Amino acid sequence: MRASGRKSSPPNQPAGVASAPRVRVLLPLPLAAGAYDYRLPHGLHAPRGAFVAVPLNGREMLGVVWDGEADPDLAPSRLRDVMAVLDVPPMGETLRRFVEWVAAYTLSPPGAVLRMAMSSPGAFTPPSAKAGWQRAPSEGRNAPDPRMTPARLRVMDALPPGEVMSGTALAEAAGVSPAVVRGLADAGLLVPALLPEDDLFPAPDPEHPGPTLLPDQAAAATRLREKVAERRFGVTLLTGVTGSGKTEVYLDAVAECLRRGRQALVLLPEIALSAQWLDRFRARFGVAPALWHSELGSRTRARTWRAVAEGGVQVLVGARSALFLPFPDLGLIIVDEEHETAFKQEDGVVYHARDMAVVRARLSQASCILVSATPSLETLNNVEAGRYDHVDLPQRHGAAGMPGVEAIDLRQHAPERGRFIAPPLIEAIRETLARGEQAMLFLNRRGYAPLTLCRACGHRMRCPNCTAWLVEHRAQRRLQCHHCGHAEPIPPTCPECNAPGTLTPVGPGVERVVEEATELFPDARRIVMASDTIPGPAAATAAADSIANRQVDLIIGTQIVAKGWHFPHLTLVGVVDADLGLAGGDLRAAERTLQLLHQVSGRAGRAEAPGRVLLQTFNPDHPVMRALVSGDLDAFMAEEAAGRRPGHWPPYGRLAALIVSAEDEREADRAARDLGLAAPRAEGVEILGPAPAPLALLRGRHRRRLLLKARKDIQIQPLLRDWLARVKLPNSVRVQVDVDPVGFL
Ligand code: ADP
Ligand code: ZN
């Protein structure tokens, strides 16, 4: 990071003044040591939170003046000088406490968390306002200027006094070449001036007329508004079936936050797919919100970060990383689809954005609203315990009813050999299309086939780096690993027995369903929505528009189609493999499958025409299927809760995972065993493992897993810290700590 845009640089003066004040500076690096001490030269003013440039190992780094006293005993000769204080608003107390809190909770170095809060290097240089031209102050006051040619006169005519225009715009307006403009500048008739910044973050208008809320919605909105008006911390769970109008209701809380002059943050699980959401925001507030996600260009990123810090952004919509932005006065945080696993960051600092949103709201004295049609058991448990309030929207908005959900028992209605769509679903799609309505086929699996098998010798094509089968992607004629990205051409002969042409795809991926649907419904206009066909926001918007405009009859997709889309003409959803998420030993497999399938079901029948959902399953009696068919999600969650309570499984106990990995398998085993031997022994604490992680090999590293499970009243961070400190592991071994794991790969 280069530091420029200094507010102040030290005046020349001899170094080594012992009496100069010392400050602690936290650097955005994963250093275990925390903040470093520096000397603050006379003439520099650096309050707590100030962004400063300091030397580190011969390089210049940006950091933040942190809390706490510098060590007075450190010899002056060992102290280096702060080089400059940057011209950015200092990091506020709230965000500093938040950085520390997240670090302590996740067992990460504070600097690693700070790095997430400084994730926009460009923000630390002052915005480079673009240069343009205006008339010289004296110009035009005197007699006709002999230097004026007709071309030059045209330029002066195109530039009203007092206005600033860019050279290109001016030349274009005057119909002259840019050289004429430069000539006027050389002659001193034009002088440089800064172009006015375009207003990137216009203020959303809370009084902009929005939709009229129905009585239930209005009552819910009133309660949420009251929470915001209290200006203190509180969490409210907002539930309601898909299509009940939760978004309109919470936007009302955003309006209240705006009226109070505080900032609002909305976290969405998949911001790149949120075009329809943004349209609704614009309809409600007259302007677009500020955005924050990984695909922002660096300039927009820098300007957004700075505008947030300066209080110029009122509402920001972002991915989980937006939690670390420098809001000076956050009044409201909304987490939409709070149950989504996309809120969990799995590498680097391992944290759950929903949980950390609650923490940031508490530190900011802000209101927090968690929104979901299928809330997580964690959140429901917090409601039950009285820690969170609960507001529910009981019905779908307007005329729309909930879709009827039926299971298709694949044991009775088997698809044809080598096919994956069962006759009753084929029939239902035919009828839907015949009525001129839209149908959707959902399969949460990319590619053509999840497994490639040799018919002659039974050899299975697997990833050389991971415990995973290679997935065929037919269009690219390649086999791919969905974990490490390894890809290879489909071999013409079996690599094991050399038999030619015996490699056969087994099972369906979404591409294979497309192929089948093309044969079954050749006249239907199809769209495929998967991460390879919908690479970004523009493609997602185009797809959503073509569906809404009825240019499409059949939508085939992976979990992308389950997102909050509103497709009024879609009346049938067919789930090709409803059992898909249930395999594996994951604690939350059933809960997550229910959430996903309920969400995808919710795409059907959102306008007047009733919706229908068909679930293809081999387990129609599975509690997940029964809950989806009956619509009694509460009963399902109660059963889940009853299953987890006795063993102190989350949310009725605490859990942390330690993933030990090494390139050498024996080394991984040894390290895992040593950790196992050193595991804490305490009443109410249980250690499970070490055992091979389900992905026992990932990106060429062998992985072993230990779980620490503890009663809810036990603080696990001190136990973990102590545990890790007691074991000395070789540098080639990595231990990743995951507090509150949600995935168990
Ligand atoms: P949810 O977030 O609960 O799934 P939405 O907020 O997306 O529900 O609402 C479903 C649909 O109903 C959206 O198209 C939304 O614009 C519309 N809608 C909801 N409430 C109203 C209202 N009060 N007036 C008009 N349209 C509404
Ligand atoms: Zn792999």
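This is a predicted model: local features need pLDDT of at least 70, side-chain atom pairs count only at pLDDT 80 or more; totals for chains, interfaces and linings use all residues.
**Ground rules**

I kept local features only at pLDDT of at least 70 and side-chain atom pairs only at pLDDT 80 or more, while totals for chains, interfaces and linings use all residues. Residues are numbered from 1 along each chain as its sequence is written, chains are lettered from A and ligands numbered from 1 in the order in which they are written, and side-chain values use heavy atoms, with hydrogens and water left out.

**Entry 1: ligand 1**

For the sorting, Ala, Val, Leu, Ile, Met, Phe, Trp, Tyr, Cys and Pro are nonpolar, Asp, Glu, Lys and Arg are charged, and the others, Gly among them, are polar.

Helices here are DSSP runs of H or I with at least four residues, strands are runs of E with at least two, and both are numbered from the N terminus.

Next I looked up polar contacts to the ligand, meaning pairs of N or O atoms within 3.5 Å. Within protein, one atom must be able to donate a hydrogen and the other to accept it, and residues adjacent in sequence count only if both atoms are side-chain atoms. The side chain of Gln217 has an N or O atom 2.8 Å from a nitrogen of ligand 1. Glu248 places a side-chain N or O atom 3.3 Å from a ligand oxygen, and the side chain of His566 also has an N or O atom 3.3 Å from an oxygen of ligand 1. On its own the ligand has 550 Å² of accessible area, and the protein covers 81% of that. The areas come from the Shrake-Rupley method with a 1.4 Å probe; for residues, only the protein chains shown count as cover.

**Entry 2: pocket and cavities**

How much space lies in the second largest pocket? I noted about 1,000 Å³. A pocket is an open set of points on a 1 Å grid over the protein atoms alone, with protein on both sides within 12 Å along at least five of seven lines; a cavity is a set where a 1.4 Å probe fits but cannot get out, and lining residues have an atom within 4 Å of a point. Points are joined across faces, edges and corners, and a volume is the space filled by probe spheres set on them.

This pocket has 42 lining residues, with Tyr105, Asp355, Asn382, Arg654 and Asp740 nearest its centre. Helix 10 supplies the largest share of the lining, six residues. By type, the lining divides into 17 nonpolar, 11 polar and 14 charged.

I also found three cavities of 30 Å³ or more in the whole structure. The largest holds about 50 Å³, and its lining includes Phe201, Pro289 and Val313. That lining has nine nonpolar residues, two polar and no charged.

**Entry 3: features from UniProt**

UniProt positions are in the numbering used here, with feature names shortened, and annotations may be inferred rather than shown by experiment. An unreviewed UniProt entry places a "binding site" at Cys463, Cys466, Cys481 and Cys484. These span 22 residues in sequence, yet no two of their C-alpha atoms are more than 8.7 Å apart, so they gather at one spot. Cys466 sits in the loop between strand 20 (451-454) and strand 21 (471-473).

The unreviewed entry also gives a "binding site" at Cys454, Cys457, Cys494 and Cys497. Those span 44 residues, but no two C-alpha atoms are more than 8.6 Å apart, so they too gather at one spot.

"Domain: Helicase ATP-binding" is put at residues 227-393 by the unreviewed UniProt entry. I get 36% helix and 25% strand there, with the end C-alpha atoms 17 Å apart.

Most residues other than glycine have a negative phi, and most peptide bonds are trans. The bond from Pro650 to Pro651 is cis, with omega near 5 degrees. Gly689 and Pro690 are also joined by a cis bond, omega about 10 degrees, and Pro690 is in strand 30. Arg550, not a glycine, has a positive phi of about 60 degrees.
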